[in-house]
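Dear colleague,

Please find below the structure that I am handing over to you, together with its sequence. A short account of the findings comes after it.

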Amino acid sequence: MKTDFKPAFLLDMDGVIYREDQLIPGALELIEAFHANGIPFLFLTNNSTPTPEDLVVKMRHLGIDGLAARHFYTSAMNTADFLAETYPESTAFVLGEGGLLAALKDSGIANDAIAPDFVVVGEGYPSLEKLNRAHGFIERGARLVATNPDNWCPVESGKTRPGAGATAAYLEASTGRMAYYLGKPNAYMFSRARRRLLAGSGEDAGRHRVVMVGDTMETDVRGSIEMGLRSYLVLSGSSRLEDLHRYVYQPTRILNSVKELADEIRHGKPVEFRPRGDTAALPRRAGRHSTDTENYRERSPRPPMTRTG
Ligand SMILES: [Mg+2]
């Protein structure tokens with residue numbers, strides 16, 4: 001029996017929709033095409049700092065109207081979902097910003113600076129004094145959880161900043177206790193996001209084919225594979241076409257940018273991928289994500305089999 005699958009999309013934001021507070025060409029058309037064709041979509045971000053309401057405002061400033069808080073799912077919300085589901089009524093000492101504090105509050109996880117069950121690390125710039133307190137709590141039995149494994153994050157003009165993974169790594173080093181990382185590529189992020197994306201689809205939910213659109217192999221593509229989702233890699237962000245052969249996991253499909261996907265939905269005709277030469281990406285650094293166990297390294301060339309000369 002032939003089943004007609006309907007598409008539904010999970011969308012990464014940075015490197016897919018915008019870069020450095022500039023909308024990527026085609027992003028507006030894509031969201032308009034989703035609305036016009038009744039295609040479900042949900043934005044997915046490892047940034048734990050903003051609330052969904054903040055992201056609605058950000059997108060409006062970038063030129064995309066008509067979005068609501070329900071269109072966004074952040075690593076902070078994922079961490080709050082995880083704690084609320086696994087350890088209801090637990091308490092947390094939080095190193096993080098507004099989006100993380102709000103998500104934990106919404107999930108009934110209380111702030112605790114005396115005897116917390118968890119130290120929760122998100123994006124931000126914690127003081128050494130706060131790191132010292134977190135260290136003490138972990139030594140006394142609190143468990144270490146991080147919103148996402150990003151060691152560094154891109155900011156403007158090709159610069160980077162330390163990410164939540166780096167803060168968690170500091171506490172891992174000082175306490176000898178390993179953190180549990182939520183957010184992409186953790187399958188818990190994708191399964192929760194998928195559930196939200198399809199909520200309200202009723203009996204149609206099983207007929208949706210969920211596609212993740214992202215720009216980063218280690219998070220977007222890896223997590224999709226592990227969750228059994230399709231993945232479209234766009235070359236408008238961090239991963240580069242010439243580096244793909246280094247990865248064990250591969251995307252279902254490669255696109256230059258979301259513009260091609262927008263055209264495809266609008267015209268109802270498949271777009272063929274033609275690599276463009278102008279998709280400059282950030283310089284590659286080692287160890288972007290703490291959980292990238294495949295963290296590939298250039299092997300030194302194999303020495304000649306026989307000595308010559
Ligand atoms: Mg991205």
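Please note that the model is predicted. It contains an open sheet of six strands, which pair in parallel and are arranged in the order β5-β4-β1-β13-β14-β15. From one strand to the next, the twist averages 25 degrees.

Within this sheet, strand β13 (residues 208-214) runs parallel to strand β14 (residues 230-234), and four bridges join the two. Met212 is positioned opposite Ser231 in β14. Helix α3 (residues 75-86) packs on the sheet, where it touches β4 (41-45) and β5. The direction of α3 makes about 70 degrees with that of β5.

The axes of helix α5 (residues 128-139) and helix α6 (residues 164-175) come within 10 Å and cross at roughly 50 degrees. This angle makes α5 oblique to α6, and the crossing of the two is right-handed. On the α5 side, the contact is made by Leu131, Ala134, His135, Ile138 and Glu139; α6 contributes Tyr170, Leu171, Ser174 and Thr175.

Yours sincerely

Conventions. Residues are numbered from 1 along each chain as its sequence is written. This is a predicted model: local features need pLDDT of at least 70, side-chain atom pairs count only at pLDDT 80 or more; totals for chains, interfaces and linings use all residues. Two strands pair if DSSP finds at least two bridges between them. Axes are lines fitted to C-alpha atoms, for helices over the stretch in contact, and angles run from 0 to 180 degrees between N-to-C directions. Two residues are in contact if their C-beta atoms, placed from the backbone, lie within 7 Å. Angles under 35 degrees count as roughly parallel, over 145 as roughly antiparallel, 65 to 115 as roughly perpendicular and the rest as oblique. A crossing is left-handed if the near helix is turned anticlockwise from the far one by less than a right angle, and right-handed if clockwise.
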